[in-house]
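The following paragraphs give a guided reading of the structure shown here. They take up salt bridges, then pockets, then a surface patch.

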Amino acid sequence: MIDSIITYLKSNPLLADSLRVVVAMVFALIFMLLNALIFIYVERKVWARTMQRMGPTYVGKWGILQLIADFVKVLNKEIIIPAKANRFAFLAMPVFITAVSLLLIIVMPYDYVVAYTLLIFQPIFPAISILKYAVVSSYFQYGVLLIFVILSFNPIFILLTGWISNNKYSIVGGFRAAAQLLSFEVPFLLSVAAVVVLTGSLNLYEIVEKQKSMWLIFLAPLTFILFLITAIAEAERTPFDIPDAESEIIAGWNTEYSASPFLLLIMGMYVRAFVSATLLAIFFFGGWLGPTLPGFLAPMSGPLWLMIKTYFFMFLYILIRAAFPRYRIDQLLSLSWTKLLPLSVANLLIVIAVKYYLMSMGLMS
Amino acid sequence: MTEEKQVGREVRKLVINVGPQHPSTHGPMDLIVTVEGETIVDVDVVLGYIHRGIEKLCELRNYFQIPTYLNRLCYVSGMFWEYGFVKAVEEIMDAKVPERGEWLRVIACELTRIASHLIWFSAFTADVGLMTLFPWGLRDRDRIIDLLEMMSGQRMTFGYFRVGGVRYDLPTNFDVYAEKAINYVEKHLEEYEKVIYNNPVFLARTVDICPVPASKAIDLGWTGPMLRASGVKRDLRRDEPYAAYEFLDFEIPVGKKGDTYDRVYVRLEEIKQSINIVRQALKRIPSGPYQTRSLLYPPPGIGYGWVEDSRGECGYMVVSDGTPKPYRVKIRSPAYIHVMSIPNVIKGSKIADLYAILGSFDPCLGEIDR
Amino acid sequence: MSVSSKEGLLHRLKRIIIGPLISFFTVTKYVFVKRPTIEYPTKTIIFPDRFRGVLEVDDELCIGCGICAKVCPNTCIFMVPYEKGKPAMIPEIDLQHCMFCGLCVDYCPPQAIYHTHVVSIIGFKREDLYLDQKKVTRVQELEYK
């Protein structure tokens with residue numbers, strides 16, 4: 001039966017392609033939302049440990065179900081719209097922000113992770129091997145470029161959100177967020193450019209394959225540090241969480257939001273943080289490269305390594321949040337323009353020199 | 001919002017209300033801040049949201065009942081507030097406090113100072129965005145509060161001071177428990193210092209923020225750690241020794257510039273000095289009675305009692321007309337004077353620093369509004 | 001530790017690189033440290049002897065003198081005629097106004113009124129927190145567990 005379906009799909013490429021994309025998107029969407037939830041849970045638990053608190057304990061074992069309880073609780077809340085806000089735009093902005101953040105799934109290799117994890121059931125259900133065709137993110141030749149196009153939408157939406165709420169704190173928060181994201185975009189892109197120069201590709205899968213001989217962290221540690229700092233800033237996390245500095249401007253640009261729109265905004269923020277953790281794993285730690293697992297688990301080894309590395313960076317994000325206070329906005333901007341920007345330009349030049357040297361030695365193509 | 005023409009460009013001033021309900025003010029106080037961009041142009045301090053009329057309440061109660069209300073002035077440092085009143089009444093009465101009573105007062109006060117500075121430290125780190133240290137400070141404070149609970153019977157509203165002594169003697173085995181708790185705090189104090197003094201972000205948020213020179217601090221009537229942070233070596237425990245402080249050996253830490261960093265530094269050093277004092281006092285405390293029977297109420301007269309609070313000099317002026325109730329009780333709150341001087345020192349700072357500066361002033365709305 | 005702007009470049013670099021690492025690892029260490037939390041409903045702490053909890057009256061010792069009602073700063077103690085007849089008057093306590101200052105305990109001549117270690121008296125109405133003469137002698141049985 002499988003064979004007949006495959007032959008039918010082969011004769012009808014348009015249908016086949018759309019089916020593949022839909023399956024891949026559904027996989028990636030579920031995976032990403034699930035991981036954003038896990039991120040929030042792990043953050044609450046680990047941060048609580050560093051604070052010597054217990055974190056969630058009562059709902060489920062170790063409070064695992066706490067997030068679901070919170071989720072249901074927030075959904076039950078009233079959506080409060082400020083009297084002077086533009087009603088339609090106020091409700092539309094969280095949807096835009098989350099939708100744009102979720103667009104990232106078409107480039108990120110999450111469909112690969114889900115599909116290949118499911119492949120371990122191949123001995124039981126041979127038909128499942130068809131899922132190999134559902135990995136579409138490898139086709140994006142300019143994937144890295146697309147990621148940054150999507151990320152650069154953020155400042156505009158955040159500024160608009162703050163403005164539409166018609167609240168002083170939101171406006172201040174929105175302007176701060178826009179200033180911060182715009183000024184960190186430049187060193188961020190320059191450090192990514194260094195990665196692209198070293199690997200010679202804009203495709204995430206090719207970037208990983210190029211690291212087979214050596215992970216980029218060993219080749220370009222400075223690039224890694226620059227990317228880490230700017231990625232944290234782009235994800236709006238402490239010490240660069242000025243847009244929603246809760247002790248200063250209440251909650252910044254999302255002050256006025258409540259109930260499900262608030263949930264969407266938080267979801268979008270955590271999705272971005274999770275994506276940037278995955279990007280760190282892919283760019284510098286060889287993505288899914290690692291020893292193959294034995295036996296029937298073999299197809300799962302790639303996804304497993306990728307997830308281990310991603311979660312490592314997730315923990316790093318959480319611990320950095322625990323250990324550092326918040327920068328002031330002017331200090332942050334001066335850090336970006338006077339320190340990170342020159343450093344990243346210098347770093348790009350160094351990387352080009354290294355690449356030239358390695359190419360002349362024949363070590364790298 | 002007001003608009004103002006400047007040469008060549010138009011500057012729009014924005015008025016932001018910080019409080020009375022705001023996540024980072026230390027209680028219900030209102031700061032009406034006028035900002036020009038990110039720079040603070042003007043601040044109006046509006047107080048009185050939790051005015052409970054404690055001064056009037058004192059006029060309606062007997063002398064022995066009053067200290068039970070006064071620890072509610074600031075439940076973070078209740079012992080000092082009881083002590084100030086008791087000291088004023090003793091001055092009118094010319095009452096003698098037995099030696100052991102004086103030493104017990106020192107122990108109670110210094111333990112409260114540690115607890116007060118610890119909770120200030122937690123709140124301050126939360127103000128600059130370092131949320132992790134917030135529960136750390138509370139954790140350590142809890143150990144000290146346990147000691148005070150053993151001594152007085154309550155965790156925050158002690159009711160420990162009596163005219164002519166203290167209410168209870170030390171509980172059995174107190175020095176063992178105290179040593180344990182103090183070591184616990186001391187161990188963690190090193191960790192605080194490791195985390196904050198090495199942290200470039202913390203230093204960027206505190207060093208050279210809102211420096212107040214010594215002359216200005218004196219002019220504004222500052223006292224306590226705030227004055228010492230500006231470099232003035234003024235401490236009632238040394239300058240006007242009361243209780244058993246003259247027999248104790250301790251240093252007075254002072255800052256250099258009077259900026260936010262110095263205020264943090266001075267308070268953390270004071271915790272160490274207080275630990276040192278408690279250790280000495282527990283070792284050298286004499287035996288004997290800890291309270292004397294005194295008159296139920298003083299003869300007519302005026303008395304002023306001041307002690308070195310964890311925030312500054314807290315003072316009570318008590319006027320007695322020979323009846324069982326005081327004629328007038330006037331409370332001098334150090335935090336009130338510090339908070340009301342914010343408009344004088346804060347102009348030109350950044351709005352994001354307002355909360356760090358306000359936090360470093362250690363405001364306690366209970367004693368400010370009374 | 002002092003911070004000056006005139007320090008050397010090497011020292012400054014060291015501060016920028018080593019400093020964050022020290023504070024980072026000091027915080028990270030706590031992920032593995034045991035927490036001092038006592039989870040309240042399942043475990044309870046032991047109160048010190050002097051702890052001032054809800055007041056209780058021993059009607060065998062009480063002489064009905066009414067000093068406790070007179071010294072109470074909040075006047076939350078009221079003397080009422082006692083049903084059992086002996087003593088003639090017994091204090092009733094309004095827990096909503098009581099601030100656990102302990103003056104009544106200090107001034108009671110036969111030490112008939114005393115603090116228990118009860119902290120949780122729970123009610124659904126205001127009247128539930130008023131310890132009338134039936135409740136005031138058996139506070140320890142009323143504790144919510």
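B:Glu90 and B:Arg105 are both buried in this predicted model. These two residues form a salt bridge, in which the closest N and O atoms are 2.8 Å apart. The pair links distant parts of the chain, 15 residues apart: B:Glu90 belongs to helix α3 (residues 78–93) of chain B, and B:Arg105 to helix α4 (residues 99–127) of chain B. Over all chains, the count of salt bridges comes to 33.

The side chains of B:Glu110 and B:Arg237 meet in a salt bridge with an N to O distance of 3.3 Å. Here B:Glu110 lies in helix α4 of chain B, while B:Arg237 lies in helix α10 (residues 236–239) of chain B, 127 residues apart. Both B:Glu110 and B:Arg237 are buried.

A strand and a helix are joined by another pair. B:Glu308 and B:Arg228 meet through their side chains in a salt bridge of 3.1 Å, N to O. Because B:Glu308 is in strand β7 (residues 301–308) of chain B and B:Arg228 is in helix α9 (residues 224–229) of chain B, the pair ties together parts that are 80 residues apart in sequence. B:Glu308 has a relative accessibility of 1% and so counts as buried, the limit being under 20%. B:Arg228 is likewise buried, with a relative accessible area of 0%. Through salt bridges that share partners, B:Glu110, B:Arg113, B:Arg228, B:Asp235, B:Arg237, B:Glu270 and B:Glu308 are joined into one network.

We turn next to the pockets. The largest pocket holds about 1,800 Å³ of space. Its lining consists of 44 residues, and those nearest the centre are A:Tyr327, A:Leu335, B:Pro200, C:Ile16 and C:Pro20. At least two lining residues each come from α11 (221–234), α13 (301–323) and α14 (329–361) of chain A, from α7 (200–206) of chain B and from α1 of chain C. Of these elements, α1(C) gives the most to the lining of the largest pocket, with ten residues. By class, the lining of the largest pocket comprises 33 nonpolar, four polar and seven charged residues.

The second largest pocket contains about 1,500 Å³ of space. It is lined by 39 residues, with B:Asp146, B:Arg155, C:Ile38, C:Ile45 and C:Ile46 nearest its centre. Two or more residues of this lining are supplied by α5 (133–152) and by α6 (174–197) of chain B. The largest share, nine residues, comes from α5(B). The lining of the second largest pocket has 20 nonpolar, six polar and 13 charged residues.

Helix α5 of chain B also contains B:Ser152. B:Ser152 has a relative accessible area of 0% and is therefore buried. B:Ser152 is 164 residues from B:Tyr316 in sequence, and the two are 22 Å apart in space, C-alpha to C-alpha.

Finally, chain C carries a nonpolar patch on the surface, formed by C:Leu9, C:Leu13, C:Ile16, C:Ile17, C:Ile18, C:Leu21, C:Ile22 and C:Phe25, with about 760 Å² of accessible area together. Among these residues, C:Ile16 is also one of those nearest the centre of the largest pocket. C:Ile22 lies in helix α1 (residues 9–28) of chain C, the element that gives ten residues to the lining of that pocket. C:Ile22 has 32% relative accessibility, so this residue counts as partly exposed.

Conventions. Residues numbered from 1 in each chain as written. Chains lettered and ligands numbered in written order. Predicted model: local features only at pLDDT ≥ 70, side-chain atom pairs only at ≥ 80, totals over all residues. Heavy atoms only, no water. Patch = residues over 30% accessible without salt bridge, like charges linked within 9 Å, V, L, I, M, F, W, Y side chains within 5 Å. Areas by Shrake-Rupley, 256 points an atom, 1.4 Å probe, with all protein chains shown as cover. Salt bridge = Lys/Arg side-chain N within 4 Å of Asp/Glu carboxyl O. Helix = DSSP H or I, 4+ residues; strand = E, 2+ residues; numbered from the N terminus. Buried < 20%, exposed > 50% of the residue type's maximum accessible area, 1.4 Å probe, protein only. 1 Å grid on protein atoms, 1.4 Å probe; cavity = no way out; pocket = protein on both sides within 12 Å on 5 of 7 lines; lining within 4 Å. Points joined across faces, edges and corners; volume = space filled by probe spheres on them. Nonpolar A, V, L, I, M, F, W, Y, C, P; charged D, E, K, R; others polar.
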